[in-house]
Amino acid sequence: MPITTQLYGIGCGHEGRLGSKGEENLSQPTLVRFFADNQKLVLRDVWAGGSHTMALTNEGLYAFGYNEDGALGVGQFGPVPKPAHIPNFAAEDIRAVALGGYHSLVLQQNGELYAFGANKAGQLGLGGEDNHKHPAKVPMLPDAFDVACGAQHSVAWTNEGIYTWGLGDCGQLGYTGDSWEVMIAKQNRIKKGVIEQARLRELAGGEVAVAAAPGEEAAAPLEPYNPAMHPARRKSSASTKEFFPPFSQRTPQKVPFDFPPVLGIHAGYNATAVRTVDGVYAFGARPGVFREDVTFTVPALVAPPPGHVIKEILLLRELRVALCAPEGDHDAHADHLTVWKQGESGAWVQYIPGAFPADTTIHGSERSVFVVTPSAEEPLVSFGDNFFGQLGHPTDADEEEEEEFAKPGPCLTLQMLRSKRTPPTVRKAAVGWRHALFLVAPPPQPAAVSEEP
């Protein structure tokens with residue numbers, strides 16, 4: 001029987017996100033037995049959300065992991081430790097899949113988009129805030145070419161431009177969001193009522209007291225839109241009702257920006273990037289990483305290192321990682337990674353030199369990054385947060401390293417899976433908040449040499 005592509009998981013195993021029945025953390029790669037034991041299933045792709053995973057096979061989509069909000073689309077709420085089939089999605093009909101923190105998007109070849117999972121911030125684009133355990137078609141969206149998910153926002157590249165929806169508290173939507181205008185209107189109404197109340201009291205000869213009307217909250221001074229400075233952003237224990245609204249958009253809305261011809265999109269934890277022929281435009285959290293201004297709802301061109309262009313970019317929760325190549329040759333091999341990290345003492349930039357062939361791709365989430373180069377001697381290199389062993393390094397980061405931030409190093413996954421002579425090929429890495437999965441193809445077989453008669 002021929003050896004086919006297999007799926008391996010590593011890192012946090014809670015809620016079954018690694019596709020195994022146990023919930024222990026794994027610092028060494030573990031085969032997802034479900035696919036290995038079902039020879040009729042041929043793995044084609046894999047994606048990781050915050051705490052859930054999805055795999056594409058010749059028989060459609062399978063999902064497993066955290067599912068309290070319905071992000072797996074299998075018609076139930078609650079963890080699914082064993083891969084479960086998502087009905088009504090034929091493999092040949094799927095164009096793209098994107099997983100957010102607790103929601104999922106599936107784009108079909110005909111341009112129709114389906115969403116399911118958490119929806120308190122409107123990240124499903126369905127107009128309400130109810131979670132969905134079944135896939136639902138996203139209305140009011142032009143035909144899409146590609147989709148991406150942040151933690152609680154969604155992005156679509158359509159034939160009419162870039163559309164976004166969901167949580168916009170850090171500017172990641174590229175506009176202020178519908179409910180910001182609603183809140184401003186409410187504050188203006190309250191302010192007018194308070195002023196009128198004070199005027200009437202003054203006319204009556206009583207003490208002037210500025211207070212909110214019964215049932216209304218006191219009006220706060222109206223400042224220019226800067227969502228990151230809103231007090232709700234700094235409430236670590238904020239409940240859903242405290243946090244939403246005001247910064248959400250519950251239906252797809254076009255980003256009001258004239259992008260050059262688009263080449264691709266990327267959504268990070270709370271930021272968005274649009275790759276164009278003129279470079280990468282970014283908007284969202286951590287504005288100091290990219291530029292000095294604070295109006296970061298407006299897309300701005302990311303300045304690459306001098307003499308370079310950005311081939312790929314990751315916008316993670318506390319990291320920005322760019323794969324950079326010499327300027328002037330779009331087919332040139334990348335020669336370094338640029339890493340921006342935001343810490344308590346401010347932002348810093350690190351340049352990681354190296355030879356990155358044309359088949360190099362970068363994958364990451366939260367603070368963990370994987371560099372995949374199928375043609376390299378070390379095809380899988382990882383760095384960043386290794387608290388749950390998700391990097392596959394021999395041990396956790398040095399205790400002297402700040403917050404378990406591990407330096408770049410080869411992942412044990414490939415060391416463990418090497419054959420005696422030829423290593424297997426890593427086709428893709430899918431990285432969640434605390435876990436990672438890898439599609440690993442068998443080593444190429446030498447061509448048979450026919451003997452001349």
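In this predicted model, strand β9, which spans residues 113-117, is largely enclosed by the rest of the structure, because five of its five residues are buried. The side chains of this strand are divided between two directions: Leu-113, Ala-115 and Gly-117 point one way, Tyr-114 and Phe-116 point the other way, and all of them are buried.

The neighbours of β9 were examined next. Strand β8, made up of residues 103-108, pairs with β9 in the antiparallel sense over five bridges, and within this pairing the bridge partner of His-103 is Gly-117 of β9. The two strands β8 and β9 form a hairpin with four residues between them, and in the turn Gly-111 has a positive phi of about 90°. Strand β9 is also joined to strand β10, residues 132-137, by three bridges, and these two strands likewise run antiparallel.

The largest nonpolar core has 17 residues, of which Met-54, Leu-61, Ile-86, Phe-89 and Val-97 touch the most other members. Two or more residues of this core are given by each of the elements β4 (52-57), β5 (60-65), β7 (94-99) and β9, and the largest share, three residues, comes from β7. In soluble globular proteins, nonpolar side chains tend to be buried together. When residues up to four places away in sequence are not counted, Phe-89 touches Gly-60, Leu-61, Ile-94, Val-106, Gln-108, Tyr-114, Phe-116 and Pro-135.

Another part of the chain was considered through Leu-43, which lies in strand β3, residues 43-48. Leu-43 has a relative accessible area of 3% and is therefore buried, since buried means under 20%. The C-alpha atom of Leu-43 is separated by 6.2 Å from that of Thr-5, although the two residues are 38 residues apart along the chain. Thr-5 is also among the residues that Leu-43 touches, and the others, leaving aside residues up to four places away in sequence, are Gln-6, Leu-7, Phe-35, Ala-55, Leu-56, Thr-57, Arg-427 and Leu-439.

Charged side chains were then examined, and the structure was found to hold seven salt bridges. In one of them, the side chains of Arg-17 and Glu-15 meet at 2.4 Å, N to O, and Arg-17 counts as buried because its relative accessibility is 4%. In another, the side chains of Asp-45 and Lys-428 meet at 3.0 Å, N to O. This pair links distant parts of the chain, with Asp-45 in strand β3 and Lys-428 in strand β27 (residues 425-431), 383 residues apart. Lys-428 is buried, its relative accessible area being 17%.

A further salt bridge is formed where the side chains of Arg-367 and Asp-385 meet at 4.0 Å, N to O. This pair also links distant parts of the chain, for Arg-367 lies in the loop between β23 (361-365) and β24 (368-372), whereas Asp-385 lies in strand β25 (residues 380-385), 18 residues apart from Arg-367. Arg-367 counts as buried at 11% relative accessibility, and Asp-385 is buried as well, with a relative accessible area of 14%.

Key: Residues numbered from 1 in each chain as written. Predicted model: local features only at pLDDT ≥ 70, side-chain atom pairs only at ≥ 80, totals over all residues. Heavy atoms only, no water. Buried < 20%, exposed > 50% of the residue type's maximum accessible area, 1.4 Å probe, protein only. Contact = heavy atoms within 4.5 Å. Pairing = 2+ DSSP bridges. Core = buried A, V, L, I, M, F, W, Y, C linked by side-chain atoms within 4.5 Å.
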